[in-house]
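Q: Could you walk me through some contacts in this protein? I'm new to reading structures, so please spell out the terms.

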Amino acid sequence: MNSTNTMDNVNTNKNMSTMNNANNMDMLNTLNSSAEISMTQMPEGFIETNFVINVFNAVIDDISFDRGNRLVTISYEECVRCVNRGNRVTLIVDDNTQIIDQWGNTIAANRLQRNMNINASFSSVMTRSIPPQARAFTIQLLDNTSSYNTTIGRIVNINHADRFITILTNSGVSPIIRFNIAPDAVILTPAGRMTGLSGLTPGMRVRITHATFMTLSIPPQTTAYRIQILW
């Protein structure tokens with residue numbers, strides 16, 4: 001009788017162990033599936049989650065091809081959710097990568113060229129290679145032509161009624177510049193999300209893409225077409 005009870009206990013423990021292993025595998029598959037969905041679903045524009053790194057004003061160092069994918073190696077200093085600055089990463093660009101111009105219009109991947117400046121959104125899951133590789137979610141080309149200038153500074157004043165901001169900058173033109181915001185101007189948060197004039201506050205550091213001309217007034221004025229909040 002004791003032998004029978006012992007065998008029953010062994011069988012019971014064995015069955016429970018099998019059930020626990022099966023439950024653990026199901027749970028692991030569920031967690032992996034959830035993480036994969038979080039990392040691969042890409043809405044319009046840039047997103048801000050623990051699974052995504054956003055970099056700004058990066059430079060394309062090299063472009064190569066592997067198994068039908070573009071491998072775009074970039075170097076960058078400005079980033080959100082990255083540990084070290086001045087990093088390099090190789091972006092895996094496939095059919096699911098969203099590639100847009102500075103105004104948000106979809107463009108072809110063959111527009112990507114060496115020495116271009118881009119913003120990029122990519123997975124925080126990387127290979128251990130040097131440089132590491134990560135899947136690219138969004139790449140935004142920045143305009144490098146002479147029809148626009150870029151100024152970085154800190155907002156000191158915002159006029160919502162007349163739609164202009166005044167910033168303090170190290171620009172050689174003037175330490176104070178007034179930017180009249182174009183009706184179709186794009187304003188982006190540090191994570192790359194679209195926002196409005198209400199999303200700007202004094203003290204914010206911003207990068208402004210604007211017209212090349214400036215008035216001779218004090219302070220000088222020009223038209224802003226794109227405002228990227230840095231922090």
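Q: What does Arg88 form a salt bridge with?
A: In this predicted model, Arg88 forms a salt bridge (a side-chain nitrogen of Lys or Arg within 4 Å of a carboxyl oxygen of Asp or Glu) with Asp61, and the closest N and O atoms are 3.2 Å apart. The pair links distant parts of the chain, with Arg88 in strand E4 (residues 87-93) and Asp61 in strand E1, 27 residues apart; strands are DSSP runs of E of at least two residues, numbered from the N terminus.

Q: And how many salt bridges does the structure hold?
A: The structure holds three. In another of them, Asp94 and Arg135 meet at 2.4 Å, N to O. Asp94 lies in the loop between E4 and E5 and Arg135 in strand E7 (residues 133-141), so this pair ties together parts that are 41 residues apart in sequence.

Q: Is Asp94 buried or exposed?
A: Asp94 counts as buried because its relative accessibility is 15%, where buried means under 20% relative accessible area, exposed over 50% and partly exposed in between, with a 1.4 Å probe and protein chains only. Arg135, at 36%, counts as partly exposed.

Q: Switching topic, which strand pairs with E1 over seven bridges?
A: That is strand E2 (residues 69-76), in the antiparallel sense, and two strands pair if DSSP finds at least two bridges between them. Val59 has Ser75 in E2 as its bridge partner.

Methods: Residues numbered from 1 in each chain as written. Predicted model: local features only at pLDDT ≥ 70, side-chain atom pairs only at ≥ 80, totals over all residues. Heavy atoms only, no water. Helix = DSSP H or I, 4+ residues; strand = E, 2+ residues; numbered from the N terminus.
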